[in-house]
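Here is a short briefing on one protein chain. Keep the sequence and the 3D view open while you read.

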Amino acid sequence: MALSLSISASQLSQSVADNRTNLRVNVNISWTSGSYDHYGSTKYVTVNGSTYYFSSEKINPNRTTSGSQTLYSIDVSIPHNSDGTKTVSIYASVKTATSSGTVTASKSLTLSTIPRATSPSVSSSSVQMGSAVTINTPRASSAFTHTLTYKFGSATGNIATGVGTSYSWTVPKSLANQVPSATSGTAVITCQTYNGGVLIGTKTVNLTVTVPDTTEFYPRILNIEVSEATETVADEFGDLYVQSLSQLNVKINASGAYGAAIRSYSTSVDGVTYSADTFKSNVINGSGIVKITSTVDDSRGRTKSETISINVESYKLPAITSMIYQQCNADGTANPTGNSTKITMSGSLSNVKDRNSASLLLKWKKAADVSYKTKTIDISEWEFTVSTIVNNTTTDETYEFIAVLADKIRSTEFVVTTGRVTMSLLAGGRGVRFFGEAESEGFWIGDVDYTITDGEYDELLSLMGGK
């Protein structure tokens with residue numbers, strides 16, 4: 001009798017929770033000739049490393065010349081690898097009382113993979129910080145639970161534990177601190193799958209996280225500090241800003257949101273733009289409401305602008321618009337040969353909210369004198385026309401009159417000179433001056449003495465009819 005041994009196996013069921021397959025193994029023997037009984041003495045089968053012996057069975061009990069029969073059948077629970085895969089090795093041996101001796105068979109069987117660690121997914125590939133996204137955890141067994149964690153930049157944290165099939169996660173706004181120079185980044189979500197307290201496996205999914213385009217995530221201008229930079233203006237006008245006099249100390253206090261840094265400053269004051277966070281402005285030329293607009297850029301490329309307004313009081317320099325003189329009597333009555341001069345002056349000053357001051361001083365002297373006489377003129381209006389009489393001004397002499405108008409900061413002068421002398425002879429005939437009064441001997445043109453000889457002088461006088 002020629003004998004041969006074979007193995008057959010089939011999967012009966014699988015336990016996802018236990019990570020096992022129930023496998024039925026059959027040991028089969030067949031023959032091709034012979035018509036009598038043969039008994040084996042030692043028979044066993046090894047499945048996945050475990051050996052199972054079975055009792056002697058009558059081979060070919062019906063004494064047929066050819067056929068086959070199942071000698072042994074066993075159901076075995078096979079544990080899978082941690083990843084759910086498994087390949088089973090089976091070996092069978094039967095010792096017979098025939099010329100075939102001991103017959104053997106082997107088989108390698110790859111079992112169906114049992115789902116293990118959950119592969120997470122997200123309901124959207126991108127989500128804004130502060131908004132929710134659903135993390136799907138399609139577990140292989142209802143006995144499985146999940147622990148979800150995240151990593152974003154250097155930030156890590158726990159999302160949830162004991163998760164079943166899904167979890168709605170609100171992405172923390174604080175993650176924006178991890179991307180101070182960008183508006184998005186990639187978060188790695190890790191899903192750990194547990195069966196009871198046993199970790200089955202770990203898998204991840206990526207999620208794009210974006211910084212929202214909302215005010216909360218834009219740079220902030222906390223305040224714009226403004227103060228007077230010109231000390232004299234502050235001393236004289238207190239808290240008022242004054243046109244053409246004031247300069248401003250400006251400081252921009254700004255900060256980036258959620259880790260962003262302020263990259264640049266741009267501030268417009270009275271038509272001039274400045275690029276520092278702290279600066280001293282040019283003199284303010286405008287008046288009334290003057291706007292200060294500051295714009296900052298952050299490291300995410302986002303901008304914020306703020307505008308404040310200050311009131312600038314109008315101001316013009318003291319101005320004497322006209323100054324005229326008239327020869328008169330002592331009482332002011334016009335008289336071309338009078339010995340007094342009436343001076344009439346018109347001008348204006350800025351009141352600067354009635355905090356300015358006004359003074360008008362008249363100075364005069366003979367053209368040839370060095371020192372001036374002075375007189376303070378009362379003015380009661382910011383725009384004025386006033387007159388005063390200066391006595392003892394003879395018509396045969398030239399006088400210089402200077403009006404000085406001043407406020408708290410500036411002053412201005414206006415000069416008039418009475419009729420200028422073209423030529424004057426010194427009494428006694430020994431001096432002549434062109435364009436001025438002759439006050440000493442010699443030949444003068446203006447203030448320059450051109451000394452000449454007596455003969456030249458006599459000849460000059462002769463030509464002039466003076467001798």
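Does Asp 239 count as buried or exposed? Asp 239 counts as exposed, because its relative accessibility is 59%. The cut-offs are under 20% relative accessible area for buried, over 50% for exposed, and partly exposed in between, with a 1.4 Å probe and protein chains only.

This is a predicted model, in which local features need pLDDT of at least 70 and side-chain atom pairs count only at pLDDT 80 or more, while totals for chains, interfaces and linings use all residues. Residues are numbered from 1 along each chain as its sequence is written, and side-chain values use heavy atoms, with hydrogens and water left out.

**Salt bridges**

- A salt bridge is a side-chain nitrogen of Lys or Arg within 4 Å of a carboxyl oxygen of Asp or Glu. The count by this rule is 5 salt bridges.
- One of them joins Arg 355 to Asp 239, at 3.0 Å from N to O. Arg 355 sits in the loop between β27 and β28 (359-366), and Asp 239 in the loop between α1 (231-237) and β19 (241-242), so the pair ties together parts 116 residues apart in sequence. Arg 355 counts as partly exposed, at 34% relative accessibility.
- Another pairs Glu 216 with Lys 173, whose closest N and O atoms are 3.0 Å apart. This pair links distant parts of the chain, 43 residues apart: Glu 216 is in the loop between β17 (198-210) and β18 (220-228), and Lys 173 is in the loop between β15 (166-170) and β16 (184-195). Glu 216 is partly exposed, with a relative accessible area of 35%. Lys 173 also counts as partly exposed, at 35%.
- Lys 366 and Glu 397 form a salt bridge too, with their closest N and O atoms 3.0 Å apart. Lys 366 is in strand β28 and Glu 397 in the loop between β30 and β31, so parts 31 residues apart in sequence are tied together. Lys 366 is partly exposed at 31%, and Glu 397 is partly exposed at 24%.

**Strands**

- Helices (H or I, at least four residues) and strands (E, at least two) are DSSP runs, numbered from the N terminus.
- Strand β27 (residues 340-348) runs antiparallel to β30, and 9 bridges join them. Two strands pair if DSSP finds at least two bridges between them. Lys 342 has Ile 389 in β30 as its bridge partner.
- In a regular strand, side chains alternate between the two faces of the sheet. The covered face of β30 (residues 383-391) holds Phe 384, Val 386, Thr 388 and Val 390. Its uncovered face holds Glu 383, Thr 385, Ser 387, Ile 389 and Asn 391.

- Asp 407 lies in the loop between β31 (399-406) and β32 (411-417). Asp 407 is buried but has no salt bridge; Arg 410, the nearest side chain of opposite charge, is 6.9 Å away. Lys and Arg count as positive, Asp and Glu as negative; His and the chain ends are not counted.
- The Asp 407 side chain reaches two backbone nitrogens: that of Ile 409 at 2.8 Å and that of Arg 410 at 2.7 Å.
- Gln 327, in strand β26 (residues 319-328), is buried, with a relative accessible area of 15%. A polar atom of its side chain lies 3.1 Å from the backbone oxygen of Ser 340.

Definitions and conventions:
A polar contact is a pair of N or O atoms within 3.5 Å; within protein, one must be able to donate a hydrogen and the other to accept it, and residues adjacent in sequence count only if both atoms are side-chain atoms.
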